Amino acid sequence: MVTLDRYQLPYDRISENNESKRTFKRKENWIKISTIDSSKGLNFQAVFIVNVDSMPFPLKEDKEREVSLLYIAMTRAKEHLFLSYSGISEFTQYFDEFQKKEDGKNQCKYDKQSLFF
């Protein structure tokens, strides 16, 4: 959060506890930071999912849960979805294949490390 503070960018953290989610008030032009689990039931104009190449997490044995979490995170975006990765994983290989199929359809922008819908 040092960078956000340095540039005086206002932000909120959304925690998993039900009390904070019930009392969460949207503040326009504020950055919201949350885990995937704590974003369930909320929607945002733009969602940034970083380090997709670290998914599925190597210590997690339940890949189905990992896929579900990524799906939940992606469906929180109302208008813009940004996926960022710099390495290779099962998920990034899927997105690379998706990008190849979508080339020329103008549905997404791709710069080899990020996929923008």
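Student: Is Ser38 buried or exposed?
Tutor: Keep in mind that this is a predicted model. Ser38 sits in helix α3, which covers residues 36-39. Buried means under 20% relative accessible area. Ser38 has a relative accessible area of 1%, so Ser38 is buried.

Student: Which side chain joins that of Ser38 in a polar contact?
Tutor: Look for a pair of N or O atoms within 3.5 Å. The side chain of Ser38 has such a contact at 3.0 Å, and the partner is Thr35.

Student: Okay, on to α5. How far apart are its end C-alpha atoms?
Tutor: Start with what you'd expect: α5 has 13 residues, and at 1.5 Å a residue they should span 18 Å. The model agrees with that, because the end C-alpha atoms of α5 are apart by 19 Å.

Student: Which residue caps the N-terminal end of α5?
Tutor: Check the backbone nitrogen of Phe91. A side-chain oxygen lies 3.2 Å from that nitrogen, and this oxygen belongs to Ser89.

Student: What arc do the buried residues of α5 cover around the axis?
Tutor: First, pick them out: Phe91, Thr92, Phe95, Gln99 and Glu102. They're on the same side of α5, because their arc around the axis is only 95 degrees. The face turned away from that buried side carries the exposed residues Tyr94, Lys100 and Lys101.

Student: Which element gives the largest share of the largest nonpolar core?
Tutor: That core has 14 residues, and Ile49, Val52, Leu70, Leu83, Phe91 and Phe95 touch the most other members. At least two residues each come from β3, α4, β4 and α5. The largest share is 3 residues, and it comes from β3.

How values were computed:
Residues numbered from 1 in each chain as written. Predicted model: local features only at pLDDT ≥ 70, side-chain atom pairs only at ≥ 80, totals over all residues. Heavy atoms only, no water. Core = buried A, V, L, I, M, F, W, Y, C linked by side-chain atoms within 4.5 Å. Buried < 20%, exposed > 50% of the residue type's maximum accessible area, 1.4 Å probe, protein only. Helix = DSSP H or I, 4+ residues; strand = E, 2+ residues; numbered from the N terminus. Polar contact = N/O pair within 3.5 Å; in protein donor to acceptor, adjacent residues only side chain to side chain. Expected span 1.5 Å × (residues − 1). Arc of directions from axis to C-beta.
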